Amino acid sequence: MQENEKKETGCQVEGRHSVREAFRAGKPVEHLYIQKGSHSDPVLSILKEAKKTGTLIDFVPKERLDRMSETGRHQGVIALLSAFRYRSIEDMFALAKKQQEEPFFFLLDGIEDPHNLGAIIRTANLAGAHGVIIPKRRAAGLTAAVIKASAGAIHYTPVAKVTNLVSVMEELKDRGMWFACADMEGEVMYRQNLTGPIGLVIGNEGHGISRLVKEHCDYTASIPMSGNIDSLNASVAAGILAYEIVRQRKFAGSAERRLP
């Protein structure tokens with residue numbers, strides 16, 4: 001019992017019984033790792049619970065679980081729990097008001113890699129953003145790996161977790177915000193007016209931004225590239241676009257907003 005409590009405190013729960021109980025107790029399970037080829041009834045029961053809550057699920061080789069395990073008794077199942085308290089969007093507006101700045105939020109559409117999420121939170125903090133918004137389903141949450149990758153930024157930049165990103169965008173538009181998404185087919189970012197209250201939308205590492213989220217963006221901004229590959233890592237793209245927003249906010253003055 002003491003060992004299981006230690007695992008929960010450390011944001012990692014191991015073993016079929018402990019993981020199943022974490023779901024049943026309503027613990028905030030962010031990421032579930034299942035050994036490939038596992039089809040036992042307990043594992044299927046865990047998978048059912050994980051799908052109900054939209055938990056990110058990865059099927060991985062036993063060797064990877066062995067490396068992750070701290071007890072040596074994972075039984076083919078490891079769950080990562082939320083390691084940090086989520087904030088509200090109102091907290092973000094309050095921070096912008098306190099700093100006497102136009103709101104500047106990051107919205108992440110399905111970022112799955114915890115290191116990418118942590119790096120983006122770090123960039124958001126350094127770029128002066130007032131918060132990061134992530135979806136509840138099929139995306140990385142605030143695990144210990146994310147907190148480590150954020151290099152402490154998570155302690156200063158609010159992160160909110162929402163059920164529906166599109167609905168939140170509609171509400172924020174009613175409050176005067178505009179949205180720019182990273183997209184290779186968009187207009188070059190230098191030609192767009194990215195000043196004022198703005199949300200920067202970054203898509204999934206592999207699939208990019210979902211159709212509905214993209215349709216709710218006012219701008220599609222591309223990063224000029226001249227190399228031999230056609231895409232950037234999500235956290236790198238977020239950093240480049242964020243600092244174009246910073247440049248315009250600090251030096252572009254009050255230019256008239258221009259839609260594409």
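Predicted model: local features only at pLDDT ≥ 70, side-chain atom pairs only at ≥ 80, totals over all residues.
**Exercise 1. In what order do the six strands of the open sheet stand, and is the pairing parallel or antiparallel?**

Residues are numbered from 1 along each chain as its sequence is written, and side-chain values use heavy atoms, with hydrogens and water left out.

Step 1: Recall that strands are DSSP runs (E, at least two residues), as helices are (H or I, at least four), numbered from the N terminus, and that two strands pair if DSSP finds at least two bridges between them.

Step 2: Reading across the open sheet gives the order S7-S6-S5-S9-S8-S10, with parallel pairing.

Step 3: Strand S7 (159-162) and strand S10 (219-222) are the edge strands, since each pairs on one side only.

Step 4: Inside the sheet, strand S8 (residues 178-188) pairs with strand S9 (residues 198-203) in the parallel sense over four bridges, and Ala180 stands opposite Leu200 in S9.

**Exercise 2. Trace how the chain crosses from S2 to S3.**

Step 1: Strand S2 (residues 29-35) and strand S3 (residues 56-60) are a parallel pair joined over five bridges.

Step 2: Between S2 and S3 the chain passes through helix H3 (residues 41-53), and this β-α-β crossover is right-handed, which means that, with the strands pointing away from the viewer, the path from the first strand over the helix to the second runs clockwise.

**Exercise 3. Describe the salt bridge of Lys214 and Asp183, and say which parts of the chain the pair links.**

Step 1: A salt bridge requires a side-chain nitrogen of Lys or Arg within 4 Å of a carboxyl oxygen of Asp or Glu; the side chains of Lys214 and Asp183 meet at 2.7 Å, N to O.

Step 2: The pair links distant parts of the chain, with Lys214 in helix H9 (residues 211-215) and Asp183 in strand S8, 31 residues apart.

Step 3: For accessibility, buried means under 20% relative accessible area, exposed over 50%, and partly exposed in between (1.4 Å probe, protein chains only). Asp183 is therefore buried, because its relative accessible area is 16%, whereas Lys214 counts as partly exposed because its value is 29%.

**Exercise 4. How far apart in helix H9 are Glu215 and Arg211?**

Step 1: The side chains of Glu215 and Arg211 meet in a salt bridge of 3.0 Å, N to O.

Step 2: Glu215 and Arg211 are separated by about one helical turn, because they lie four residues apart in helix H9.
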